[in-house]
Amino acid sequence: MDKIKILWADDEIDLLMPHILFLKEKGYDVTTANNGHTALDLIKSQSFDIIFLDENMPGKSGLETLAGIKRIYSDVPVIMITKSEEEHIMEEAIGAQIADYLIKPVNPNQILLAIKKNLENKRLISEKTNMDYQMEFRQIGMSLGDKMNHEQWADVYKKLIYWELQLEKSKDDSMYEILTMQKNEANKLFCKYVEKNYVDWVKKQDDTSPIMSNSLIRKKVFPLMEGSDEPVFFLLIDNLRYDQWKVIQPLVSEYFKVVEEDSYYGILPSATQYARNSIFAGLMPSEIETRFPKMWSNDEDEGGKNLYEEQFLADQIQRLRKPYKHSYTKVTNYNAGKDLVDNISNLFQNKFNVIVYNFVDMLSHARTEMEVIRELADDEAAYRSITLSWFEHSPLFEALKKIAEKKVKLIITTDHGTIRVKEPIKVVGDRNTNTNLRYKQGKNLSYNKNEVFEIKRPEDAMLPKLHLSSAYVFATGDKFFAYPNNYNYYVNYYTNTFQHGGISLEEMIIPFVYLHSK
């Protein structure tokens, strides 16, 4: 491994020889300069990994030299060393993008720490991250062997996502692979847990059941409005997984304080048609069909499946006797997003404002259908990255900044998540069978019972029953349904695409974040 090359520019460089010898004994290659002009000549002729720069040099000052360095090599870290603690000097140096700031007199260990912090921090952090995950790996493994409840499963999922994001930064492929294997194992066990308990959750809907889509607004949102005059903004970003929330959180946190980061369980099918209608109606799908026979659309019906969310919301508010003046805004394209920004000031007069934002769901579908998006979002990390990039430059972020100007309560959540599918399983159905790759609904379905979660009686899960022989089957983990006809093409086309509708940690454990404007 090549030695780390250091340039140290100071007009009193001779007095610093003990420090320089100390660094050379530690294995560093140190070049010195006693003025700014010499320092600039040196970096034009050779490269350095880090530069120590005296702020108060005669001739070309440290700040002037710093500007010259940044014009030549903008990425090299520069540590400014000065006798002065005047605030304006510090601010000017920080504004010129110094990496660190030391006050004279400095001791050798301060210099060593500055080098390690700025050059070796990634390696040190990576090593510490790997060691910490190895300890957590055992604890998560022990949890997976226990009989967990729905809250404990949510905690395990959040821990797995935390380590996924941390190990992604460390760039240690071997440790990341171990995490991926543990996450896959967790998903298999979670699917068995859901298969065993889902129908009971739906039937009982008591304290032993998790909060689910149909009870979300009643149990988690309306209580936030009691005894408060502050407007509540309920932002539902369609198809926003917990890991995607975590990558946009730093941007949101510049304007809002996270009061509570919680989760709830999405209903099955974990698809917009069922889950989002259930959220706004406060009812399970079969109850929506009964109460609104002209507004509920089944899989076999043509046309949009989420056309009446605003009416469902108004009915839930009236049904629960909540006298809240409210608004409902759905954003499905860029222009609608700009309109939202322009209209924010009119929403503060409402007690409850619902915003449905569809971009992430469109991104997952576009990734399936467009080769360029497949390349941009090739894996989980890239999928998160493109979500972050979109959010940072979106009208939605602009709208949130405007909302943050007033004292408000903000909820960020979604209706379902999505999973990258890898394993095909065969299913046969008639021409009326729905096209979703993660669940199938219809009559005379043919499949391997050991590969799916089946609900033979839709009424048990409070799902619409279209025919006497109707059944629902759900793909679990990272599986997806493929028809025997043209099987190889189908499998090649959909493998590694992001899908939703079935059972997985990613699809069913939904972020629910309560924030307050700063």
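Reply: A residue is called buried under 20% relative accessible area, exposed over 50% and partly exposed in between (1.4 Å probe, protein chains only). The model is predicted: local features need pLDDT of at least 70 and side-chain atom pairs count only at pLDDT 80 or more, while totals for chains, interfaces and linings use all residues. Residues are numbered from 1 along each chain as its sequence is written, and side-chain values use heavy atoms, leaving out hydrogens and water.

Me: Asn 444, then: buried or exposed?

Reply: Asn 444 counts as exposed because its relative accessibility is 63%. The residue sits in the loop between strands β13 (439-443) and β14 (446-447). Helices (H or I, at least four residues) and strands (E, at least two) are DSSP runs, numbered from the N terminus. The phi of Asn 444 is near 55°, a positive value in a residue other than glycine.

Me: What is phi for Arg 321?

Reply: For Arg 321, phi is near 55°, and this is again a positive value in a non-glycine residue. Arg 321 is found in the loop between α13 and β8 (326-331). With a relative accessibility of 72%, Arg 321 counts as exposed.

Me: Now the whole chain. How many helices and strands are there?

Reply: The protein chain has 20 helices and 19 strands. Its C-alpha trace spans about 95 × 55 × 40 Å along the principal axes. Of the 518 residues in the chain, 54% are buried.

Me: And what share of the contacts is between residues 24 or more positions apart?

Reply: Such residues account for 75% of the contacts in the chain with a separation of 6 or more. Contact means heavy atoms within 4.5 Å.

Me: Which residues touch the most other members of the largest nonpolar core?

Reply: They are Phe 190, Tyr 198, Phe 234, Phe 280 and Phe 352, in a core of 105 residues. Helix α8 (residues 173-204) gives the most to this core, with 10 residues. A nonpolar core is a set of buried Ala, Val, Leu, Ile, Met, Phe, Trp, Tyr and Cys residues joined through side-chain atoms within 4.5 Å.

Me: What is Phe 280 in contact with?

Reply: Leaving aside neighbours within four places in sequence, the contacts of Phe 280 include Ile 217, Phe 234, Leu 236, Tyr 328, Val 354 and Val 356. Phe 280 also touches Glu 309, Phe 312, Leu 313 and Gln 316.

Me: Which residues of α11 meet α13?

Reply: On the α11 side they are Arg 276, Asn 277, Ile 279, Phe 280 and Ala 281, and they meet Glu 309, Phe 312, Leu 313, Gln 316 and Arg 319 of α13. By class, this contact has 5 nonpolar, 2 polar and 3 charged residues. Ala, Val, Leu, Ile, Met, Phe, Trp, Tyr, Cys and Pro count as nonpolar, Asp, Glu, Lys and Arg as charged, and the others, Gly among them, as polar.

Me: At what angle do the axes of α11 and α13 cross?

Reply: The axes of α11 (residues 272-281) and α13 (residues 309-319) cross at roughly 35° and come within 7 Å. Axes are lines fitted to C-alpha atoms, for helices over the stretch in contact, and angles run from 0 to 180 degrees between N-to-C directions.

Me: Change of topic. Where is Pro 395?

Reply: Pro 395 lies in helix α18 (residues 395-403). This proline counts as buried, at 5% relative accessibility. Beyond its neighbours within four places in sequence, Pro 395 is in contact with Tyr 334, Gly 337, Lys 338, Val 341 and Tyr 357.

Me: Last one: how many residues of α9 are buried?

Reply: Helix α9 (residues 216-225) is mostly covered, with 7 of its 10 residues buried. Among them are Leu 216, Ile 217 and Phe 222. After α9 comes Gly 227, whose phi is positive, near 70°.
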